[in-house]
Amino acid sequence: MRGALGLQFATLIHFLLCCNALPRMQMEFAIQHTWDSNPVNHDPMKIIFSPGEGGLKIAASGPFFNDPAAPAAPPSQPFPGLWDYEVVESFFLDNTTENYLEVELCPHGQHLILLLSGVGQAFLQQLPMVFNTKISGDRWTGEALVPWSYFPPNINKMNSYAIHGSGEKRMYEALYPIPKEQIEEGQQPNFHRLEYFQDFRLQSIMGENWVQPGSDLWIGKP
Ligand SMILES: *[C@@H]1O[C@H](CO)[C@@H](O)[C@H](O)[C@H]1NC(C)=O
């Protein structure tokens, strides 16, 4: 009797472990346009989101331009003003509160996290993160683990970007660019145009039953 119960219990545990993991999946995106909706003139930057240990894994891969040169700082560290270098960026937004998380990744290994509430209003930045990169010739790959506590609750929108080049040749690229007909004369790239972000839910990666862990960092934000 006791033995049979034990077996049932083991089967139940196995079922929970196996089937809890099932709905998890990765989402892959390619940044194919400039911020103002022209096709990019190179192999696009790719970004893959997938479940990580205690957070979201972001894997970036694509061409390495080596322009501008590396920030003067060690890899795996936060670097203020990283947006002036070669970077890939992902923004995760709740468009009802304008709470959002900005994650910037540099092929040379530096990173920058910003927590914002209101357009361009960063209230925390340079948070630590596990991030490793590898440059192989004219390509690079990087993998970051973004802790759940950095994400605002109820994310429903996302956009991602890539920047490289210097001076006149500086290129600003967007996953969800501004449609051509909406570009005004003299308009400059601005990655905080939240109205152009598109639908995105962490549950699409983590499973419909997944509940985002609460975070002290967002207490007091709308
Ligand atoms: C937020 O996104 C929803 C769904 O796309 C849209 O209907 C709504 O207008 C957006 N709200 C704001 C404040 O932009």
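**View 1. The hairpin of β11 and β12.** Strands β11 and β12 form a hairpin with six residues between them, and G165 in the turn has a positive phi of about 90°. The model is predicted: local features need pLDDT of at least 70, side-chain atom pairs count only at pLDDT 80 or more, and totals for chains, interfaces and linings use all residues. Residues are numbered from 1 along each chain as its sequence is written. Strands (E, at least two residues) are DSSP runs, numbered from the N terminus. Two strands pair if DSSP finds at least two bridges between them. β11 and β12 (residues 171-174) pair in the antiparallel sense over four bridges; the bridge partner of Y161 in β12 is A174.

**View 2. Burial of β11.** A residue is buried if 20 or more other C-beta atoms, placed from the backbone, lie within 10 Å of its own. Eight of the eight residues of β11 (residues 157-164) are buried, so the strand is largely enclosed by the rest of the structure. K157, N159, Y161 and I163 point one way from β11, and M158, S160, A162 and H164 the other way.

**View 3. Other partners of β11.** β5 (residues 87-94) runs antiparallel to β11 and is joined to it by seven bridges, with V88 paired to A162. Two bridges join β11 to β13 (residues 198-199), also antiparallel, and M158 stands opposite Q198.

**View 4. The open sheet of five strands.** The strand order is β1-β3-β4-β10-β9, with antiparallel pairing. β1 (27-31) and β9 (130-136) stand at the edges, each with a single partner strand, so one side of each is left without a neighbour in the sheet. Within the sheet, seven bridges join β3 (residues 45-52) to β4 (residues 55-63), and I47 stands opposite A60 in β4.

Note on methods: Buried ≥ 20, exposed ≤ 12 C-beta atoms within 10 Å, placed from the backbone.
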